[in-house]
Amino acid sequence: MTKVIPIVGSREIAFDCKFFLGDRPCVWHKQTGVLCTCDQYQKVEERLLIIKLDAMGDVLRSTALLPPLAEVHPRASITWITRKDSVPLLQRNPYVSEVLELGPEALVHLQTRTFDRVINLDASKTSAALAAAARSDRKDGFVLDERGCVQPTNEAARRWLEAGVFDDIKRQGAATYQDRMADILELSGRKHHYVFELSADEIKRARKHLESVGLDFERPVIGLNTGAGGRWPLKQWREDGYVDLVSRVGRREDVQFLLLGGPAEQERNDRLKRASSIPLIDPGCDNTVRHFAALLSHCDVAVTGDTLAMHLALALGKRTVVLFGPTSAAEIDLYGLGEKVVPDMTCLSCYKNSCDFAPNCMDLISTEMVEGALLRQLATVRPLASEVAL
């Protein structure tokens with residue numbers, strides 16, 4: 001280890017402080033001008049590395065493990081390696097000291113640094129290879145062996161690996177993802193929750209954006225996340241289902257419908273606007289992920305499939321109605337914030353990209369099922385017009 005030699009007469013630098021950055025002033029010095037060591041000094045006694053790359057929704061729900069990890073490692077500095085798309089999801093996270101984008105920079109860090117604990121919850125070869133390359137005496141989750149095979153580090157990880165490679169085991173699962181990961185990390189029984197924070201400025205900008213497209217903040221707002229991304233097209237509900245839902249609820253309640261989605265949903269949302277007799281408010285589909293989250297933060301209830309929007313809604317504490325078909329409803333922890341709408345079909349949780357059944361599982365989700373769940377969730381945050389009339 002390279003020894004740092006202090007220079008006589010030089011100013012003290014708290015290299016072991018949680019807020020030390022090295023190439024620029026820490027947040028406290030920048031804000032108030034304080035010097036090392038100030039009242040905000042937090043000594044780092046452990047250094048943890050989390051590797052979580054795929055997918056963005058999985059990255060976000062894995063933040064739920066940070067509070068229990070902080071209980072077990074109260075004086076730890078946490079570094080998180082993820083893909084570029086997921087970096088914004090970890091910004092402003094109070095538990096994460098450093099976010100490294102997967103690439104040459106992250107690899108240089110792995111070659112140089114030593115960690116007290118390495119956590120990799122992805123069974124992909126890339127993630128497992130990174131965990132294997134990291135220097136640490138303790139590794140939890142999955143690593144890559146010399147043959148290029150992914151190996152679990154404990155029995156709980158082995159069970160999760162089996163669920164990933166055997167469909168029958170996957171369908172039998174009843175525990176949430178967070179609880180399964182907590183088992184792998186020996187954190188079972190500890191409280192967990194999503195960790196995602198927006199700034200006041202981000203929320204304000206989203207409000208101005210919504211005002212510019214005609215949203216009335218005096219009336220309830222129903223967010224409709226209509227797509228499901230490119231990987232799992234079967235996770236999205238029928239377009240005619242959304243049109244019927246808007247018509248039924250819009251005739252009954254004085255609500256507004258806010259279309260949500262990414263670039264892949266633009267054409268779909270355009271079709272929904274043309275087909276709906278009730279105006280649908282569209283803030284566009286070219287928003288950054290954090291601005292998308294800020295738009296979602298202004299909804300009273302979100303209706304979505306098993307997508308990133310679902311995870312963001314739960315992270316923001318929004319009432320949420322989630323439509324399930326090809327993915328596991330049991331693995332999703334709603335934290336008491338909503339309802340799951342699941343059709344009666346024996347082949348659920350197939351994780352297929354296409355289906356030979358007609359109608360398929362998502363087709364079998366009726367408008368009545370979604371409407372009932374939506375009205376129940378809306379009633380928890382705002383009085384229903386139909387009930388006030390009575």
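E253 forms a salt bridge with R252, and their closest N and O atoms are 3.4 Å apart; a salt bridge here is a side-chain nitrogen of Lys or Arg within 4 Å of a carboxyl oxygen of Asp or Glu. E253 counts as buried, at 5% relative accessibility, whereas R252 counts as partly exposed, at 43%. Buried means under 20% relative accessible area, exposed over 50% and partly exposed in between, for a 1.4 Å probe and protein chains only. Elsewhere, salt bridges that share partners join R117, R138, D140 and E186 into one network.

The model is a predicted one, in which local features need pLDDT of at least 70 and side-chain atom pairs count only at pLDDT 80 or more, while totals for chains, interfaces and linings use all residues. Residues are numbered from 1 along each chain as its sequence is written, and side-chain values use heavy atoms, with hydrogens and water left out.

The structure holds 26 salt bridges in total. One of them links the side chains of D23 and R24, at 2.6 Å from N to O; D23 and R24 are both exposed. Another joins R75 and E45, at 3.9 Å from N to O. R75 lies in the loop between α3 (66-72) and β2 (76-82) and E45 in the loop between α1 (27-32) and β1 (46-51), so this pair ties together parts that are 30 residues apart in sequence. R75 is partly exposed, with a relative accessible area of 43%. The helices (H or I, at least four residues) and strands (E, at least two) named here are DSSP runs, numbered from the N terminus.

Of its 33 residues, L60, F196, L258, L296 and L312 touch the most other members. Such a core is a set of buried Ala, Val, Leu, Ile, Met, Phe, Trp, Tyr and Cys residues joined through side-chain atoms within 4.5 Å. The elements that give two or more residues to this core are α10 (200-212), β10 (256-260), α13 (289-296) and α14 (308-315). Leaving aside residues up to four places away in sequence, F196 touches L60, P88, L89, R290, A293, L312, A315 and L316, where contact means heavy atoms within 4.5 Å.

A pair of helices comes next. The axes of α7 (residues 155-165) and α9 (residues 177-184) come within 7 Å and cross at roughly 140 degrees. That makes α7 oblique to α9, since angles under 35 degrees count as roughly parallel, over 145 as roughly antiparallel, 65 to 115 as roughly perpendicular and the rest as oblique. The axes are lines fitted to C-alpha atoms, for helices over the stretch in contact, and angles run from 0 to 180 degrees between N-to-C directions. In α7, A156, A157, R159, W160 and A163 meet Y177, R180, M181, D183 and I184 of α9.

The peptide bond from C36 to T37 is cis, with omega near -10 degrees, and T37 has its place in the loop between α1 and β1. A cis peptide bond also joins D54 and A55, with omega about -20 degrees; A55 is found in the loop between β1 and α2 (56-62). E186, a residue other than glycine, has a positive phi near 60 degrees. E186 lies in the loop between α9 and α10 and is exposed, with a relative accessible area of 60%.
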